[in-house]
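Colleague: I should like to go through the terms used for this model and to hear the reasoning behind each of them.

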Amino acid sequence: MNRDFVYNYLAKRNSALPPPEQEILREELFQLKKKSISRLPELIIQAKKNLTDNGVKVFVVKDYLEAKRKILELLGSEDLVVKSKSNTLDKLGLENELAERLSETDLGAYIVKQIGSDSDHPVLPAIELKAKEIAEKFSKKFGKNYPSNPKELTDVLKLEIKTNIVSADVGLTGANAITADGQIMLLENEGNISLITRLPKKHIAVCGVEKIVSDAEEAIKVARASAVWGTGQSFPTYVSFIAGPSKTADIENELVCGVQGASEVVLILIEGEALKRIGTETESINYCIHCGACYNLCATWNLTGQMPKVNSTETIFNCTLCQNCTFNCPAKIPWQNIVRIFRMRYNKEGNNTDNNLKMIDNIRKHGNPFGDPGTKKSSDELFCC
């Protein structure tokens, strides 16, 4: 792990927004997400109508598979598609169909796609990699020398990325928020998202319906929290609100769509499990803004590089239930309770790891998770939670 980032994270966050003000923003974010999710079916209808009135083509789909099919249909035979870093897009697995036609534009995601990384951090995918290692792997892969100085390496890689952006006809992004009054909000620090939503002729945005909030004022609170808890910034470098394709009426007051920016804007909203969670014990999962704060101070992730995830029987039992994720969640999601709920479900279904089954057997036989206390002075195997 990049421990310099982890150790400095809290100091940066507290500098960006003093702790007392953090708690005020947390409560505001929690309340607005709670309200939005409670009204979600209504907000979906409002958002679709208002965005459509603004000239955005909106598709509401049931799941990720349907979203993937719709994107591939919209892309057709386009030669080059550029994308932003997006957890939603990553879940679709578009690389399998698009292969070399799909190019990452976030610097960290671009690096990871070319040379790989063991990190699954949603905000900082290349956090484990040092400049020297990146330069060596790029040099070996492409047969030319890459500088090992971070700034010089960034300068070289950003030119490669920008070349792809200028050549592409389609830009693919996620979305940090959708407003019910008809806007798509996107956050970034690098400037790549601004470019891929404006230079290509078509912009396709994809996100879950749980990202919908009432208006731009609420969306700005999501933006602020994403920056403070995500990377320890007081505010993102760039915040874009997109309410439709580019347009002008400068000549004879006649409206023409498709000027300097995209001539076509498409939004795909994925229902997924969001609507099913409303009113259940796991509803608060819908409040997540994907800032990555839960990763930054997670004991398991910092030790193993693997984040315990509720949808994975392989990793969920690795959670230590230390509650760092909950204490550091800007949306006040009680993640340790969510983990317990899913563990109970998996246990009832018989989905347990070998270590967990061994621990349960030891408890039943010996009253402790480590085994027969009479056979050894100390345990050579440790289990948690």
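Modeller: Let us begin with a cut-off: a residue is called buried when its relative accessible area is under 20%. Please bear in mind throughout that the model is a predicted one.

Colleague: What makes strand β7 (residues 202-208) largely enclosed by the rest of the structure?

Modeller: Seven of its seven residues fall in the buried class, so β7 is largely enclosed by the rest of the structure. Both faces are covered: Lys202, Ile204, Val206 and Gly208 are buried on one side, and His203, Ala205 and Cys207 are buried on the other.

Colleague: Which strands pair with β7, and in which sense, parallel or antiparallel?

Modeller: Strands count as paired when at least two bridges are found between them. β7 and strand β4 (residues 170-173) share four bridges in the parallel sense, with threonine 173 opposite alanine 205 of β7. β7 and strand β12 (residues 264-270) share seven bridges, also parallel, and here cysteine 207 stands opposite leucine 269 of β12.

Colleague: Where do these strands lie in the order of their sheet?

Modeller: The order is β1-β12-β7-β4-β2-β3, an open sheet of six strands with parallel pairing. From one strand to the next the twist averages 20 degrees. Strand β2 (residues 81-83) is joined to β4 by three bridges in the parallel sense, and valine 81 faces valine 170 of β4.

Colleague: Why are β1 (57-61) and β3 (102-104) called edge strands?

Modeller: Each of the two pairs on one side only.

Colleague: How do you know whether leucine 94 is buried or exposed?

Modeller: Its relative accessibility is 1%, which is under the cut-off of 20%, so leucine 94 counts as buried. Leucine 94 belongs to the loop between α5 (87-92) and α6 (95-98). Leaving aside residues up to four places away in sequence, leucine 94 touches Lys68, Ile71, Leu72, Leu89, Ala99, Leu102 and Leu172.

Colleague: Why are helix α7 (residues 107-115) and helix α9 (residues 150-167) called roughly perpendicular?

Modeller: The class of roughly perpendicular covers 65 to 115 degrees. α7 and α9 pack at about 85 degrees, with their axes 11 Å apart, and they are therefore roughly perpendicular to each other. In this contact, Leu107, Tyr110 and Ile111 of α7 meet Thr154, Leu157, Glu160 and Ile161 of α9. These residues divide into five nonpolar, one polar and one charged.

Colleague: How do you know that the span of helix α16 (residues 335-349) agrees with its number of residues?

Modeller: At 1.5 Å a residue, its 15 residues should span 21 Å, and the end C-alpha atoms are 21 Å apart, so the values agree. Within α16, the buried residues are Trp335, Gln336, Ile338, Val339, Ile341, Phe342, Arg343 and Tyr346, and they pack against α15 (324-327). Just after α16, glycine 350 adopts a positive phi of about 80 degrees.

Colleague: What is the order of the strands in the sheet of four, and what is the pairing?

Modeller: The open sheet runs β8-β5-β6-β9, and its pairing is mixed.

How values were computed. Residues are numbered from 1 along each chain as its sequence is written. This is a predicted model: local features need pLDDT of at least 70, side-chain atom pairs count only at pLDDT 80 or more; totals for chains, interfaces and linings use all residues. Side-chain values use heavy atoms; hydrogens and water are left out. The expected span of a helix is 1.5 Å times one less than its number of residues. Buried means under 20% relative accessible area, exposed over 50%, partly exposed in between (1.4 Å probe, protein chains only). Contact means heavy atoms within 4.5 Å. Axes are lines fitted to C-alpha atoms, for helices over the stretch in contact, and angles run from 0 to 180 degrees between N-to-C directions. Angles under 35 degrees count as roughly parallel, over 145 as roughly antiparallel, 65 to 115 as roughly perpendicular and the rest as oblique. Ala, Val, Leu, Ile, Met, Phe, Trp, Tyr, Cys and Pro count as nonpolar, Asp, Glu, Lys and Arg as charged, and the others, Gly among them, as polar.
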